[in-house]
Amino acid sequence: MTLMTPFRPAPDLVRLRPAGTRHGAARGLRRAIGPVLLLALWQLASMTGVLPAEVLAAPSTVVGSAAGLIGTGELQAAIAVSLQRVLAGLAIGGGIGVLLAVTAGLTRLGEDLVDAPMQMLRTVPNVALIPLLIIWLGIGEAPKIALIALATAFPLYINVYAGIRGVDQTLVEAARTLGMGRAALVRHVILPGALPNALVGFRYALGVAWLALVFGEQINATAGIGYLMATAREFFQTDVIVVCLVVYALLGLAVDFIVRLLERSLLAWRPSFTGT
Amino acid sequence: MASLVHRNITQAIPDAVRITRLNRTFDGRRVIEGLDLSIAAGEFVVLLGASGCGKSTLLRILGDLDRDFDGEVEVPARRAVAFQAPRLMPWKKVWRNVTLGLPRADRQLAERALAEVGLSHRADVWPKVLSGGEAQRASLARALVREPELLLLDEPFAALDALTRIKAQALVAELWQRHGCAVLLVTHDVEEAALLADRVLVMKDGVIAHEHRIDLPRPRDVADPAIARLRGRFLDWLGVHH
């Protein structure tokens with residue numbers, strides 16, 4: 001007896017295509033289409049009078065004002081002042097956030113003492129503290145930096161803490177069988193394991209730092225991007241306001257880029273999904 | 001000289017593991033019950049048992065990963081564990097994984113250990129690019145680099161494909177003969193037990209239910225009828241009817 005494969009109807013075959021090489025430049029170009037289209041639409045609306053200058057200045061006017069502000073050095077000076085505020089706030093707030101997260105993450109005593117108050121304070125909107133900050137710290141640089149510090153401390157705290165507590169228990173066990181002491185365990189296993197989360201927190205903190213800066217610079221500023229905006233408001237200079245908004249956006253973008261670079265080098269070890 | 005020979009004859013080989021009246025319960029369920037066991041220095045012991053019989057718990061106790069037991073347990077200070085999953089730190093290059101826990105990150109020491117398991121060319125890569133077999137060998141190198149007197153292996157070949165497993169088993173046999181450490185290998189693979197063990201223990205209901213010493217010469221061959229007979233006997237003991 002011969003055994004034959006029984007006849008079956010032909011299945012529909014689909015051709016699977018290899019991914020091919022997608023050029024980075026082409027992809028970058030594709031990503032630029034959206035914003036460029038938006039800008040063109042805006043320019044068109046301004047030129048046809050649909051969008052009057054007192055509502056929103058045309059992109060061409062904005063570019064001109066930006067060139068003017070750069071020419072006089074006003075913009076650079078404002079950026080320098082604002083950047084200093086963000087860095088100072090981030091250093092103080094981030095430092096405190098990370099320190100508290102490590103305390104709460106590593107020890108149960110720390111968790112009991114630190115975590116509950118932090119979770120409670122986290123829900124208070126930072127901006128609502130501005131009146132108190134003014135009463136405590138006056139209207140100089142201190143309340144602005146304090147606001148940024150407050151805003152950045154929480155995202156870092158939450159993510160670093162979650163990162164520490166999320167470290168793979170099997171790796172901690174493996175480390176113990178290798179005879180690692182507590183300090184070595186923290187240094188070689190727990191902190192590197194918490195790093196992906198910590199960087200997420202850092203990125204988020206940078207985002208809210210700019211937000212806090214915008215609010216902070218409404219407090220009687222005499223320099224900085226917020227000050228530039230406040231004076232522009234007095235004179236209905238929508239072009240200058242837009243320049244300031246663009247600067248905020250560009251600074252945010254630049255910082256995000258730096259964090260991406262940081263992630264790429266610090267998290268090179270991570271096998272992760274990179275999108276399709 | 002004469003006295004040395006004399007000592008070898010009269011004095012028993014020292015113990016690497018001594019366990020007396022060991023108990024371990026999980027929420028009132030007794031997993032290990034009054035277990036007694038000793039393993040001689042340099043002895044290769046394979047612990048067989050069905051899933052959930054307490055064999056991994058015993059290994060965790062010996063590895064000082066589980067302290068909720070009562071009874072007496074003595075193990076060497078220098079011991080190492082290789083788990084079913086390699087458990088390499090993904091954020092450390094392979095050679096740094098090997099030196100983890102050592103007083104200092106000695107590159108040459110790591111390279112020697114990696115060469116022993118045939119991974120010299122992989123010293124500088126991230127663990128994520130290793131194949132399953134390579135990762136498991138890196139984990140073995142990490143265990144052996146600290147020259148353990150007791151090596152605990154928790155189903156280290158279970159996640160490997162059949163071909164890789166055969167090679168890994170041969171590698172472990174070879175490394176054991178070179179290092180001369182006592183080995184406790186936990187597995188549910190009866191063939192593996194027959195191939196590697198000086199002594200096979202079958203665990204059931206929290207105690208050592210069966211024990212068998214294997215004096216076959218090494219390296220052993222799966223095709224050897226003696227191995228097949230042992231395999232059958234172990235399966236019987238495990239309650240698998242074949």
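Reply: B:Asp27 is exposed, at a relative accessible area of 85%; here buried means under 20% relative accessible area, exposed over 50% and partly exposed in between, with a 1.4 Å probe and protein chains only. The model is a predicted one, in which local features need pLDDT of at least 70, side-chain atom pairs count only at pLDDT 80 or more, and totals for chains, interfaces and linings use all residues, while side-chain values rest on heavy atoms, without hydrogens and water. Residue numbers start from 1 along each chain as its sequence is written, and chains are lettered from A and ligands numbered from 1 in the order in which they are written.

B:Asp27 sits in the loop between β1 (15-26) and β2 (29-40) of chain B. Helices (H or I, at least four residues) and strands (E, at least two) are DSSP runs, numbered from the N terminus. Although B:Asp27 is not a glycine, its phi is positive, at about 50°. Chain A has a residue with a positive phi as well: A:Phe236, also not a glycine, has a phi of about 55°. The loop that holds A:Phe236 runs between α9 (225-234) and α10 (238-266) of chain A. A:Phe236 counts as exposed because its relative accessibility is 68%.

Two further loops belong to chain B. In the one between β9 (207-213) and α8 (225-237) lies B:Pro219, which is joined to B:Arg218 by a cis peptide bond with an omega of about -5°. In the one between α2 (55-62) and β4 (70-74) lies B:Gly63. At a relative accessibility of 7%, B:Gly63 counts as buried. Its C-alpha atom is 8.6 Å from that of B:Val75, a residue 12 positions away along the chain.

A:Trp136 belongs to helix α5 (residues 130-137) of chain A and is exposed, with a relative accessibility of 60%.

On a 1 Å grid over the protein atoms alone, a cavity is a set of points where a 1.4 Å probe fits but cannot get out; a pocket is an open set with protein on both sides within 12 Å along at least five of seven lines, and lining residues have an atom within 4 Å of a point. The largest cavity holds about 40 Å³. Among the residues that line it are B:Arg137, B:Phe157 and B:Leu171. Helices α5 (132-144) and α6 (162-179) of chain B each supply at least two lining residues, and α5(B) gives the most, with four.

The second largest pocket has a volume of about 460 Å³. Of its 14 lining residues, those closest to the centre are A:Leu106, A:Arg108, A:Gln169, A:Val172 and A:Ile190. α3 (74-106), α6 (141-165), α7 (169-177) and α8 (182-216) of chain A each contribute at least two residues to the lining, with α8(A) giving the most, four.

Last, the cysteines. Zero disulfides are found over all chains, a disulfide being a pair of cysteine sulfur atoms within 2.5 Å. A:Cys244 is buried at 0% relative accessible area, and B:Cys53 is buried at 10%.

Key. Grid points are joined across faces, edges and corners, and a volume is the space filled by probe spheres set on the points.
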